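Colleague: I would like to go through this model chain by chain. Please show it, and I will ask as we go.

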Amino acid sequence: MVRKSAFISIALHLAILLWVLVVFPAGRALDAPKIEDVPIDIVTPSEFTKIKAGMVDAKYDAPLAAKPEDQKPKSVTEKEAPKLPKAEAAVPPPPAQQAKAEEPPKPKPEKVEKPKEAEAKKEPLPNKAEAKPEKPKDKPKPKPAPQAEQKHDLNADRLAALLNKIPNAAKEPRAVDAPQYTSKKPVKGQSSGTQMTMAVNEIDALRAKMARCWSPPPGGLGADAIIIKLRLQLNEDGTLIGYPTVANSGGSPFFQAAADSAVRAVFQCQPYELPSEKYAVWRDMILNFDPRQMYGSG
Amino acid sequence: MIDLIPSSIFQRRAPRLATVLLCAVIGASAGSDRAHAVVELNITQGNIQPLPIAIPDFASDGTIDAGAAREISDVVSNDLKSSGLFLPIDPAAFIEKGLDVAQAPRFEDWRPINAQAVAVGRIGNSDGKLRAEFRLWDVLSGKQLAGVQFFTRAKDARRVGHIIADVIYERMTGEKGYFDTRVVFVDESGPKDKRIKRLAIMDQDGHNVRLLTTGKDLVLTPRFSPSTQEITYMSFEGDNPKVYLLNIETGQKEIVGTFPGMTFAPRFSPDGQRIVMSLEQAGATNIYAMDLRSRRTTQLTSSQAINTSPCYAPDGSRIVFESDRDGSQQIYVMNADGSNQRRISSGGGSYSTPVWSPRGDLIAFTKLSGGQFLIGVMKPDGSGERVLTEGFHNEGPTWAPNGRVLMFFRESPGAGGGPRLFSIDLTGYNERLVATPSFGSDPAWSPLIN
């Protein structure tokens with residue numbers, strides 16, 4: 001009798017066990033969906049206060065935020081006027097003036113070669129300075145004058161060194177690129193000694209936006225080895241301050257074409273809608289334009 | 001100070017996730033009075049699309065007809081459009097009119113119509129020569145991207161347009177242009193069973209077609225010298241095949257040689273000093289190189305199979321050819337002296353007419369597979385095979401000098417069918433019919449003219 005009930009008990013237990021095995025297959029419950037990482041900063045109350053101190057709605061906004069004018073493109077342009085590369089990099093000024101500022105750095109060697117070619121003799125187009133001497137006269141704006149004086153003051157070597165901005169940028173990016181407005185004065189949105197990061201979704205949105213604006217050249221020999229490192233500075237309203245600097249160098253025509261395409265993308269994408277409380281984080285950015293994945297199929 | 005982590009670190013760790021995952025790095029300054037953080041972000045996705053460009057009618061400086069100047073800007077526009085990489089904007093949308101080549105455009109007028117670049121030109125006549133001035137402007141940054149001035153013969157007006165289109169193409173894509181080039185091809189007229197085949201030459205856009213031979217003799221396989229405006233081709237006078245050299249500038253023609261048996265597919269070496277071709281002797285076809293000065297030939301292959309269609313690598317160090325030594329036609333590569341012969345094609349089907357790209361990175365070929373003739377490319381080691389186009393009968397690929405575009409011919413079926421020339425981008429997109437007066441086959445692309 002005891003045996004029989006023992007058998008029944010064992011059989012029932014086994015049946016339940018089997019049922020459990022079938023209904024709840026092992027491992028399934030552990031197969032949680034993958035969640036993307038979200039960076040989280042653990043901040044102490046004191047750190048939080050510091051962050052708040054640098055935010056738009058912070059209590060001590062007035063004394064800290066004494067600078068909006070300084071960040072306006074025009075004032076930066078003026079400040080940077082002594083630096084020739086920066087003058088070129090100024091927010092697109094009246095075309096004539098812009099072109100004038102750029103004339104010296106672009107001797108365009110390839111054009112010089114072309115006159116040698118057989119039937120169709122090419123020559124570099126006469127310098128714009130010669131081609132249109134009447135232009136500056138037409139537009140007697142206050143800015144060109146100091147600029148012209150600056151040029152006279154510089155000696156040739158210094159000028160060349162300044163014009164050679166790409167190698168300089170590569171060697172000492174901070175010295176060359178350090179934005180003028182990051183002086184000792186506190187800036188709105190900037191909190192000294194405190195870390196803030198952009199959230200993943202903010203970065204993804206920015207990246208998606210750049211992807212829409214950026215039309216890289218369609219690739220060529222060596223195109224899969226090129227990255228354009230572009231440094232840009234932004235106003236609080238998300239517009240560009242001045243001209244983005246290419247912080248790395250590459251001598252090939254493809255690098256130049258790719259760099260131009262990145263600069264065009266950055267111009268085209270503005271204004272950038274980024275969280276204003278994190279202005280300190282995004283006001284100075286480096287974008288690495290890396291087209292290699294796009295050329296992968298070739 | 002600022003602590004920037006190189007993006008390569010991220011890519012090494014998670015190359016696949018590079019597009020998705022967070023790559024922003026914020027550095028904080030320690031012990032610096034200048035608290036300054038820099039966000040670094042990788043942009044790995046873009047949108048490769050035709051670049052909208054404005055090409056207002058070129059102005060005349062008063063010494064030539066305004067229509068003639070406009071014709072040149074039309075050539076520029078058509079060239080750029082045909083590349084598939086540019087999108088010339090409809091002039092009706094232009095806000096600023098009457099641009100002066102000596103002055104920067106009003107960029108604010110070009111931004112609303114999404115022009116990324118503006119090409120401004122002026123054409124004039126000076127001492128009987130055509131004078132062209134041209135500038136290319138970046139609209140968004142307001143920078144001048146290119147500026148050239150040149151003189152040319154008045155009758156080369158279309159070439160002025162091609163040269164300017166090349167300048168724009170090179171500046172915007174970083175690759176050499178290919179518009180100022182010509183294509184030699186076999187013009188085919190008459191009924192299918194009694195075709196008259198004549199050698200013809202035209203600009204790459206199909207203009208200025210000139211016939212080079214009379215059609216009395218059958219001509220085959222014209223090939224351009226990579227360095228000079230010379231072509232080599234086969235002509236069958238009677239049953240006697242001859243290899244000719246023809247200077248298309250001077251019209252001077254000379255016989256390279258008359259060879260016993262059949263000769264096939266002569267092609268220049270990159271320096272233009274040698275010709276490589278195949279000769280049939282005693283049932284076997286082998287590849288020979290001939291020095292054009294000494295007329296000395298060197299045998300490069302020696303098998304009982306058919307080895308033909310040889311083509312040099314652009315550095316002259318290697319030769320690609322087809323051979324049926326393994327049963328079916330396949331592609332092989334050997335050193336220029338005939339050593340180290342090895343097969344590179346490995347897919348199913350048979351391969352023929354391999355042509356090495358002028359930039360060296362790819363070999364184009366015709367492939368017969370599943371009853372279809374395909375045009376494809378592969379790397380010189382045989383990897384990365386890609387089909388660019390397929391159809392009833394595609395054959396004879398030839399590279400544009402920049403190695404970006406291919407031209408080939410496609411035979412249409414039926415009694416009234418015949419071969420037509422097509423061009424296609426290396427990506428497999430932008431296939432275009434190249435208009436010829438009648439049927440055309442066997443195209444060969446010239447190097448840049450100047």
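Colleague: Among contacts in chain B between residues at least 6 apart in sequence, what percentage join residues at least 24 apart?

Modeller: This is a predicted model, in which local features need pLDDT of at least 70, side-chain atom pairs count only at pLDDT 80 or more, and totals for chains, interfaces and linings use all residues; side-chain values use heavy atoms, with hydrogens and water left out. Residues are numbered from 1 along each chain as its sequence is written, with chains lettered from A and ligands numbered from 1 in the order in which they are written. A contact means heavy atoms within 4.5 Å. For chain B, taking contacts at a separation of at least 6, the share that joins residues at least 24 apart is 42%.

Colleague: What percentage of the residues is buried in chain B, and what percentage in chain A?

Modeller: Buried means under 20% relative accessible area, exposed over 50%, and partly exposed in between (1.4 Å probe, protein chains only). Of the 450 residues in chain B, 57% are buried. Of the 298 residues of chain A, the buried part is 41%.

Colleague: How do α15(A) and α16(A) cross, left-handed or right-handed?

Modeller: Two packed helices are described by the angle between their axes and the distance between the axes. Here the axes of α15 (residues 200–213) and α16 (residues 253–269) of chain A come within 9 Å and cross at roughly 115°; axes are lines fitted to C-alpha atoms, for helices over the stretch in contact, and angles run from 0 to 180 degrees between N-to-C directions. A crossing is left-handed if the near helix is turned anticlockwise from the far one by less than a right angle, and right-handed if clockwise. The crossing of α15(A) and α16(A) is right-handed.

Colleague: Which residues make that contact?

Modeller: From α16(A) come A:Ala265, A:Val266, A:Gln268 and A:Cys269. The α15(A) side supplies A:Lys209, A:Met210 and A:Cys213.

Colleague: How far apart are the sulfur atoms of A:Cys213 and A:Cys269?

Modeller: A disulfide is a pair of cysteine sulfur atoms within 2.5 Å, and the structure holds one over all chains. A:Cys213 is buried at 17% relative accessible area, as is A:Cys269 at 2%. The sulfur atoms of A:Cys213 and A:Cys269 are apart by 2.2 Å.

Colleague: Where does A:Pro271 lie?

Modeller: The peptide bond from A:Gln270 to A:Pro271 is cis, with omega near 0°. A:Pro271 lies in the loop between α16 and α17 (279–282) of chain A.

Colleague: What is the C-alpha to C-alpha distance from B:Met407 to B:Pro443?

Modeller: B:Met407 lies in strand β28 (residues 405–411) of chain B and is buried, with a relative accessible area of 1%. Among the residues B:Met407 touches, not counting those up to four places away in sequence, are B:Val183, B:Pro443 and B:Trp445. B:Met407 and B:Pro443 are 36 residues apart in sequence, and their C-alpha atoms are apart by 6.8 Å.

Key. Helix = DSSP H or I, 4+ residues; strand = E, 2+ residues; numbered from the N terminus.
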